Amino acid sequence: MKITGGCHCGAVSYVVATDNLPPSYACHCLDCQTTSGSAFGLHALLPEDALQITGELSDYRYEGAHPASHHRLCAHCHTRIYNTTSAAPGMLVLRAGTLHNSAAIKPIAHIWVKRRQPWLQLAEGTPSWPESPTPEAFAQALQARPV
Ligand SMILES: [Zn+2]
Ligand SMILES: [Zn+2]
């Protein structure tokens with residue numbers, strides 16, 4: 001089964017070159033709350049060459065206290081599709097809510113939970129970190145996900 005997704009208006013669509021839905025995690029940091037206009041960002045880490053995009057993208061870049069980040073959005077409806085970051089070279093961070101099968105996503109980890117909205121209950125036993133985990137700890141959590 002092909003894993004596909006796209007933006008709200010339909011101008012941008014993509015195919016993910018993996019056999020299964022990529023493992024997804026929630027980031028509760030303030031940047032994700034602001035850029036998503038919601039309570040958290042729902043992300044999937046993929047190798048940079050695993051996403052085949054059709055349609056015109058626009059860019060948003062920022063640097064600051066956090067690692068430099070380069071976001072790609074639909075040039076028409078401005079749905080955020082993915083970003084790359086200096087914190088994860090060679091990888092991209094897909095906005096998992098743009099997957100056509102987003103209903104099947106279960107976050108396997110939560111990061112930046114010190115910024116979590118206080119009303120939000122996290123599933124018990126799901127790995128979580130107050131801020132960003134070390135790449136090693138995070139890779140372990142992604143690999144240990146239930147099938
Ligand atoms: Zn669009
Ligand atoms: Zn975040």
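The model is predicted: local features need pLDDT of at least 70 and side-chain atom pairs count only at pLDDT 80 or more, while totals for chains, interfaces and linings use all residues. Residues are numbered from 1 along each chain as its sequence is written, chains are lettered from A and ligands numbered from 1 in the order in which they are written, and side-chain values use heavy atoms, with hydrogens and water left out. Cysteine 27 is buried at a relative accessible area of 5%, and cysteine 32 is buried at 10%; buried means under 20% relative accessible area, exposed over 50%, and partly exposed in between (1.4 Å probe, protein chains only).

The ideal angle for four tetrahedral donors is 109.5 degrees. Cysteine 7 is buried, with a relative accessible area of 12%, whereas cysteine 9 is partly exposed at 43%.

## Strand pairing

Seven strands make up an open sheet of mixed pairing, in the order S6-S7-S8-S9-S4-S3-S10. Strand S6 (57–62) and strand S10 (110–111) are at the edges with a single partner strand each, so one side of each has no neighbour in the sheet. Strands (E, at least two residues) and helices (H or I, at least four) are DSSP runs numbered from the N terminus, and two strands pair if DSSP finds at least two bridges between them. Within this sheet, S4 (residues 41–47) and S9 (residues 91–95) are antiparallel and share five bridges; alanine 44 is opposite leucine 94 in S9.

Strand S1 (residues 3–6) pairs with S2 in the antiparallel sense over four bridges, and glycine 6 has serine 13 as its bridge partner in S2. The S1 and S2 hairpin has six residues between the strands, and glycine 10 there takes a positive phi near 95°. S2 also runs antiparallel to strand S5 (residues 51–54), joined to it by four bridges, with tyrosine 14 opposite isoleucine 53 in S5. In S2 (residues 13–16), Tyr14 and Val16 form the covered face, and Ser13 and Val15 the uncovered one.

## Largest pocket

The largest pocket holds about 780 Å³ of space. Its lining comprises 29 residues, with Tyr25, Thr85, Ala87, Ile111 and Ser132 nearest the centre. On a 1 Å grid over the protein atoms alone, a pocket is an open set of points where a 1.4 Å probe fits, with protein on both sides within 12 Å along at least five of seven lines; lining residues have an atom within 4 Å of a point. Helix H2 contributes the most to this lining, with four residues.

## Backbone outside the strands

Histidine 78, in the loop between S7 and S8, has a positive phi of about 65° although it is not a glycine. Tryptophan 112, in the loop between S10 and H2, likewise is not a glycine and has a positive phi of about 60°. Tryptophan 112 is buried, with a relative accessible area of 14%.

Definitions and conventions:
Points joined across faces, edges and corners; volume = space filled by probe spheres on them.
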